[in-house]
Amino acid sequence: MATKLENTDLRPAFDVERIRQDFPILSEKVYGKPLVYLDNGASAQKPRAVIDAISAVYETEYANVHRGVHYMSQMATDAMEDAREKVRTFINARDIREVIFVRGATEGINLVASSWGRKNLSAGDEIILSVMEHHSNIVPWQLIAEQTGALLKVVPISDNGSLDMDAYAEMVCAKTKIVAITHISNSLGTITPVDEIIRIAHEKDVPVLLDGCQAAPHMELDMQALDVDFYVFSGHKIYGPSGIGVLYGKEKLLDAMPPYHGGGEMIDVVTFEKTTYADLPFKFEAGTPHISGIIGMGGAIDYINMVGIDKVAAHEQDLLEYGTSRLCGVNSLKLIGTAPQKAAILSFVMEKIHPHDVGTILDREGVAVRTGHHCAQPVMDRYDIAATIRASIGMYNTREEIDLLVAGLERVQEIFG
Amino acid sequence: MNDGLTDLYQEVILDHSRNPRNFGPAEEADLTAQGNNPLCGDRVTIFLKIDDDMISAAQFDARGCAISLASASMMTEMIKGKSIEEAMALFRKFLALVTGENSVVSGPDLAELTTLSGVSNFPTRVKCATLAWHAMVGALNGIDEDVKTE
């Protein structure tokens with residue numbers, strides 16, 4: 001008798017306890033208490049598979065890449081290019097030529113602002129950002145605007161942290177040259193309506209860059225379905241190493257852009273009269289790359305695929321709902337960022353108690369949160385606050401950890417009376 | 001539970017942070033300077049009146065955590081009536097206290113400021129405790145631009 005396999009998910013069920021065992025640091029104690037790590041928006045912890053992948057590079061297959069005729073160089077090159085293919089699949093890019101390795105999302109945005117910007121921007125042109133951008137998606141554009149005379153236009157948000165799409169639609173005009181907006185706000189958790197953002201921009205032939213730092217670890221990405229022009233994210237937020245990230249760009253756009261950094265690896269022929277450049281993606285990868293970082297990031301993608309990003313997303317949404325209702329029960333606590341479409345980021349303030357004091361007390365309870373402006377000062381100004389406390393959730397967090405956060409907040413109130 | 005929190009957040013510190021003394025912008029000041037912690041966005045402005053090398057009045061305006069407000073509030077009380085030299089000596093002594101330096105530093109009696117000694121167990125909070133002090137030193141040195149602690 002034939003067994004029906006359709007619609008059967010053969011992957012293991014999502015088991016948070018098993019996942020926690022994959023992350024060695026989660027069994028560490030801080031001040032004698034179990035570590036409750038709720039600072040995933042700043043950087044995620046690493047599974048054993050990633051740590052092992054990085055060690056394996058140095059123990060078994062390390063040499064410089066794309067240069068040597070020798071065995072080890074070929075091994076390292078193959079491992080690095082395997083990782084590029086893993087990234088391509090992870091984001092469903094059309095071609096590996098569209099996957100550029102950079103130091104992180106920040107470098108990716110700087111690359112686009114500088115290289116694409118120098119070629120395409122002139123005085124009076126407009127760059128559209130939103131008020132909830134991370135500083136890394138503001139300052140690179142300010143720098144290129146200063147050099148070219150282009151102007152920044154800022155899309156406002158409503159009180160709950162939703163992007164004002166009417167204002168955006170009105171802002172996109174003949175002067176608009178590029179739109180650079182976050183996919184998920186790091187300070188508020190808002191998921192922006194990226195399909196609509198891209199559709200409106202493309203109607204006017206305006207390219208769109210999305211900052212995917214907070215999205216990449218939490219949702220399925222599909223560059224071709226999105227039809228986005230540039231997309232950036234960082235390895236360390238998807239449970240991989242720091243110092244490595246990805247810039248995705250449509251081949252046609254990347255091809256037309258001048259190099260960002262000059263050096264080895266990115267050249268074709270060099271003479272003192274003229275240098276011709278390597279093809280994509282190498283044109284934008286001057287110098288010896290972060291080889292072990294790239295391979296480690298590939299390991300992180302393998303790990304996420306093994307767990308299943310859809311299952312991660314469902315688990316985190318459950319924790320978001322649970323965390324939201326638990327925090328709403330805490331006296332004089334106010335959530336900042338309550339958009340209907342939200343990722344598992346809980347930003348909040350407490351009446352008459354400064355976030356830094358809250359953060360210090362939570363820390364002594366073993367609870368790691370971020371306090372401050374989250375590199376998004378314009379958002380803080382928007383809500384007329386100096387800082388927030390931010391608990392950002394990852395795949396290994398649990399309801400019990402949310403309870404420990406709430407217990408910590410109760411201690412804060414006890415101390416501050 | 002001795003995790004340092006009860007030392008850090010003593011009642012006297014909480015009182016200063018809830019009801020900061022000498023608080024608000026001064027109408028007239030001989031010397032003024034801003035302190036700014038770019039890491040957390042906290043800001044403090046110090047206003048000093050100087051009569052014959054003596055600090056005759058000190059006021060501050062700020063946005064910050066309990067530690068930075070309490071420290072600024074106590075500082076304005078402590079430096080009033082002191083010579084510039086004494087205020088600088090007090091700053092050095094206070095810095096040694098909150099950074100947990102054991103060396104003996106001469107200078108005026110720290111008095112109530114000793115309640116901030118718990119800060120030395122919280123290295124990430126030293127900059128909160130010293131923000132207003134760096135601004136005061138900036139004002140006394142005639143540094144007009146922002147004093148930053150990071």
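## A two-chain model at a glance

In this predicted model, 15 residues of chain A are in contact with 16 residues of chain B. Chain A itself is divided into domain 1 (16–40 + 309–416) and domain 2 (51–305), and an open sheet of seven strands is found in chain A.

**Where chain A touches chain B**

- On chain A, the elements that give two or more residues to this side are α12 (355–364), α13 (377–382) and α14 (399–416).
- The biggest contribution is that of α12(A), which gives five residues.
- Sorted by class, this side of chain A has seven nonpolar, six polar and two charged residues.

**The two domains of chain A**

- The centres of domain 1 and domain 2 of chain A, taken over C-alpha atoms, are separated by 28 Å.
- Between them, 23 residues of domain 1 of chain A are in contact with 22 residues of domain 2 of chain A.
- On the domain 1 side, at least two residues each come from α11 (309–328), β14 (345–350), α13 and β17 (388–392) of chain A.
- The largest share of that side belongs to α11(A), with five residues.
- The domain 1 side is made up of 12 nonpolar, six polar and five charged residues.

**The seven-stranded sheet of chain A**

- The strands follow the order β4-β10-β9-β8-β7-β5-β6 in chain A, and their pairing is mixed.
- At the edges stand β4 (99–102) and β6 (151–155) of chain A, each with a single partner strand, so one side of each has no neighbour in the sheet.
- From one strand to the next, the twist averages 20°.
- Strand β7 (residues 176–182) of chain A pairs with β8(A) in the parallel sense over four bridges, and Leu210(A) in β8(A) is the bridge partner of Ile181(A).
- Helix α5 (residues 139–148) of chain A packs on the sheet and touches β5 (126–130), β6 and β7 of chain A, with its direction at about 145° to that of β6(A).
- Helix α7 (residues 194–203) of chain A also packs on the sheet, touching β7 and β8 of chain A, and its direction makes about 160° with that of β8(A).

**A closer look at strand β9(A)**

- Strand β9 (residues 230–234) of chain A is mostly covered, with five of its five residues buried.
- In a regular strand, side chains alternate between the two faces of the sheet.
- Phe230(A), Val232(A) and Ser234(A) lie on one side of β9(A), Tyr231(A) and Phe233(A) on the other, and both faces are covered.
- With strand β8 (residues 208–211) of chain A, β9(A) pairs in the parallel sense over three bridges, and Asp211(A) stands opposite Val232(A).
- With strand β10 (residues 245–249) of chain A, β9(A) pairs in the antiparallel sense over five bridges, and Tyr231(A) stands opposite Tyr248(A).

**Chain B**

- Chain B contains five helices and four strands, which run α-α-β-β-β-α-α-α-β from the N terminus on.
- Its radius of gyration is 14 Å, close to the 15 Å that the globule rule gives for 150 residues, so chain B is as compact as a globular protein of that length.
- Along the principal axes, the C-alpha atoms of chain B fill a box of roughly 50 × 35 × 25 Å.
- Of the 150 residues in chain B, 43% are buried.
- Among the contacts in chain B with a separation of 6 or more, 59% are between residues 24 or more positions apart.

Definitions and conventions. Residues are numbered from 1 along each chain as its sequence is written. Chains are lettered from A and ligands numbered from 1 in the order in which they are written. This is a predicted model: local features need pLDDT of at least 70, side-chain atom pairs count only at pLDDT 80 or more; totals for chains, interfaces and linings use all residues. A residue is buried if 20 or more other C-beta atoms lie within 10 Å of its own, exposed if 12 or fewer, and partly exposed in between; C-beta atoms are placed from the backbone. Two strands pair if DSSP finds at least two bridges between them. Two residues are in contact if their C-beta atoms, placed from the backbone, lie within 7 Å. Ala, Val, Leu, Ile, Met, Phe, Trp, Tyr, Cys and Pro count as nonpolar, Asp, Glu, Lys and Arg as charged, and the others, Gly among them, as polar. Domain bounds come from an automatic or database domain assignment. Axes are lines fitted to C-alpha atoms, for helices over the stretch in contact, and angles run from 0 to 180 degrees between N-to-C directions. The radius of gyration is taken over C-alpha atoms; the globule rule is 2.2 Å times the number of residues to the power 0.38.
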